[in-house]
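Thanks, everyone. I'll keep this short: charged pairs, then the sheet, then the rings. Have the model open.

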Amino acid sequence: MAMLPVAQLYRRDVPALHTPEGADLLQVLWCPFDHQAMPRTTLFWRSAATVSDILNTPPEPPAMRSDGYLPEPCLLNPEQVTEYPDHLELSKERREQLGAWSEWQAAVTDVDDYASSPELFYDRELAAAPGWKVGGWPRWGATDPTPRLCPACGSDMDALLTIATFEGDDDRSWLPNEVREDREHTGPSSRHTGPEGQAVIDFFRAQGIEVHDRGRVPRDARVAPLGTNPAPRQPTAVQIGSGYDQQLYVCPAAPEHPHSELMH
């Protein structure tokens, strides 16, 4: 059964990506069937310079658990953000401070919508950015925070990649720059696609697939200008459970050690 490509990350695009010695490329694949209610992932740490034999058409499995396990082709435009841990990971004293409405009013503007529940301002606007992301703080809710220990050496594992069902394009604090641009301009995005990104677009167009900066227009759909997105909240069309995230954790001491997964 052919595994499906999920994400390809270069260290040059994600400087904080901690790779094993001699590797500068991470490829994430998964099995298109449920393993404990989510796809099982495999990590390949590689040197980009050694990747030479590239398939013209990625293999597709003869069957899948659901269409939500077949990602739509998308281009990656990394954007670094600052986020804070989920309130469940804070101490009792810190959580009590979040309820001090007068302190929020003194420090932040445009918070009146949260006057009845100031803790929500922290949860929605500052803690654990939603959507697909590399590293950062995990979002909790389905389960309480639990230690993730490396099965090989017992080290505390770091969050590596969040595979999200939905992007947070409706969250004011987490609007990506390109979404802000699209909302400010009625025409195509003003950003310029680099040579490598254009090569990806050209490849998929050769297969009859119209690729956009953050999603794909189906073959039988009306083609929109490059830079627009017919499905802002689900550009990758991935569906984890009934709308959850799949979090991958990796050993910081040795990324090549077995990784772990958690759905939340």
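Start at aspartate 34. At 33% relative accessibility, aspartate 34 counts as partly exposed; the term covers values between buried, under 20% relative accessible area, and exposed, over 50%, with a 1.4 Å probe and protein chains only. Its partner is arginine 65: the two side chains meet in a salt bridge, 3.2 Å from N to O. A salt bridge here is a side-chain nitrogen of Lys or Arg within 4 Å of a carboxyl oxygen of Asp or Glu. Arginine 65 has 49% relative accessibility, so it too is classed as partly exposed.

Where does this pair sit in the chain? Aspartate 34 is in strand S2, and arginine 65 is in the loop between S3 and helix H1 (92–98). They are 31 residues apart, so to speak in distant parts of the chain.

A word on what you are looking at. This is a predicted model, where local features need pLDDT of at least 70 and side-chain atom pairs count only at pLDDT 80 or more, while totals for chains, interfaces and linings use all residues. Residues are numbered from 1 along each chain as its sequence is written, and side-chain values use heavy atoms, leaving out hydrogens and water.

How many salt bridges does the whole structure hold? The search finds two. The other joins lysine 133 and glutamate 83, at 2.9 Å from N to O. It also links distant parts of the chain: lysine 133 is in strand S4 (residues 133–134), glutamate 83 in the loop between S3 and H1, 50 residues apart. Both lysine 133 and glutamate 83 are buried.

Now the sheet. Strands S1, S2 and S3 form an open sheet in that order, with antiparallel pairing. Strands are DSSP runs of E, at least two residues; helices are runs of H or I, at least four; both are numbered from the N terminus. Two strands pair if DSSP finds at least two bridges between them. S1 (4–10) and S3 (39–46) are the edges; each has a single partner strand, so one side of each lacks a neighbour in the sheet. Seven bridges join S2 (residues 25–34) to S3. Tryptophan 30 stands opposite threonine 41 in S3.

Last, charges over rings. The rule: NZ of Lys or CZ of Arg within 6 Å of the ring centre and within 35 degrees of the ring normal. Arginine 12 lies over the face of tyrosine 10, 4.0 Å from the ring centre. Arginine 148 has its charged end over the ring of tyrosine 249, at 5.3 Å from the centre.
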